[in-house]
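Subject: Structure for your reading, with notes

Dear colleague,

Please find the sequence and the structure below. I would be grateful if you would read the notes that follow with the structure open beside them.

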Amino acid sequence: MAWIYNSPMSSPALPWNGTLLLDAHVAVLHGHAGDSAAHAHYAHQLLLSEGAPWQIEIDGARQQGQRLWLPSFQPHAILSAPTDGCTVFLEPAHADLEQIQQHLQSLPGNAAQLHEWLPRLSRPQPLDRRVQAALARITQHLPGPVPAADIAEAAHLSTSQLHRRFQSDLAVTLRGWVLWQRLRSALAHHLRGRSLTDSAHAAGFADLPHLSRSLRRMFGIGAAQLQGLQLHAA
């Protein structure tokens, strides 16, 4: 596991600063996440605060609160974030929605205390062995191209069956899963001290603009806003 800290930002163009716990299927950002443009991402997202409320916009409607939950691929924008808030990202196949909904209002807004809750919130769901084989083959290909035909062959599925399996078991397309892994990899490389350009290439993006476009679409921010983040081992 790994962590990251952020500081206040008044504009989406300003850098984030803070601490991030980055595990295989979960990430926790503690600090001031700042505003973001409208976006949607693969992970479920929890917005937690012990102080000022989060202010967000969903489908043109504004909401605010100290405990908010955004389902996977729910389009939203962060209008205002607390200076010491906690953001949790959980991959759908490893999230226990029953536990999240049951305990959302009781979850601490402090990353250190929240750490004890993560095993309960991120309980993995059993994956079909063919999907497991597909994920293993994808890992072998990354950061290079990921040919669907080869992934399907490794999973003993037709290409169409493979795509349906990803949608049913992982709640994302094959292409979306690969993009998610590239973004995680680029972030990890950058937070270990590599430049954004080197991190983009290391994760399989064509160039830094390609990484930045992907970040804007999935997180509502540009790559330059990652400059203030620091990686701290937990």
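Helices (H or I, at least four residues) and strands (E, at least two) are DSSP runs, numbered from the N terminus. With that convention, Asp59 is found in the loop that joins strand E6 (54-58) to strand E7 (61-65). Asp59 has a positive phi of about 50°, although it is not a glycine. At 68% relative accessibility, Asp59 counts as exposed, where exposed means over 50% relative accessible area, buried under 20% and partly exposed in between (1.4 Å probe, protein chains only).

Two remarks on the source are needed. This is a predicted model, in which local features need pLDDT of at least 70 and side-chain atom pairs count only at pLDDT 80 or more, while totals for chains, interfaces and linings use all residues. Residues are numbered from 1 along each chain as its sequence is written, and side-chain values use heavy atoms, with hydrogens and water left out.

The nonpolar cores

In soluble globular proteins, nonpolar side chains tend to be buried together. A nonpolar core is here a set of buried Ala, Val, Leu, Ile, Met, Phe, Trp, Tyr and Cys residues joined through side-chain atoms within 4.5 Å. The largest such core has 53 residues, and Ile138, Phe166 and Leu170 have the most contacts inside it. Helix H7 (residues 174-191) gives the most to this core, with 10 residues. A second, separate core has 17 residues, including Leu46, Leu104, Ala111 and Leu114.

Contact means heavy atoms within 4.5 Å. Leaving aside neighbours within four places in sequence, Phe166 is in contact with Ala134, Leu135, Ile138, Ala171, Val172, Thr173, Leu174 and Trp177.

Helices H4 and H6

How do the axes of helix H4 (residues 129-141) and helix H6 (residues 159-170) cross, and at roughly what angle? They come within 10 Å and cross at roughly 105°, which makes H4 roughly perpendicular to H6. Axes are lines fitted to C-alpha atoms, for helices over the stretch in contact, with angles from 0 to 180 degrees between N-to-C directions. Angles under 35 degrees count as roughly parallel, over 145 as roughly antiparallel, 65 to 115 as roughly perpendicular and the rest as oblique.

On the H4 side, the contact is made by Arg130, Val131, Ala134, Leu135 and Ile138, and on the H6 side by Leu162, Arg165, Phe166, Asp169 and Leu170.

His141 belongs to helix H4 and counts as partly exposed, at 24% relative accessibility. Not counting residues up to four places away in sequence, His141 touches Val146, Pro147, Asp150 and Ile151. The C-alpha atoms of His141 and Ile151 are separated by 9.3 Å, with the two residues 10 apart along the chain. Pro143 lies in the loop between H4 and helix H5 (148-154), and the peptide bond from Leu142 to Pro143 is cis, with omega near 10°.

Further loop residues

His156, in the loop between H5 and H6, also has a positive phi, of about 55°, although it is not a glycine. At 70% relative accessibility, His156 counts as exposed.

Ser72 sits in the loop between strand E8 (67-70) and strand E9 (77-80). Residues up to four places away in sequence aside, Ser72 touches His41, Tyr42, Ala43, His44 and Pro92.

With kind regards
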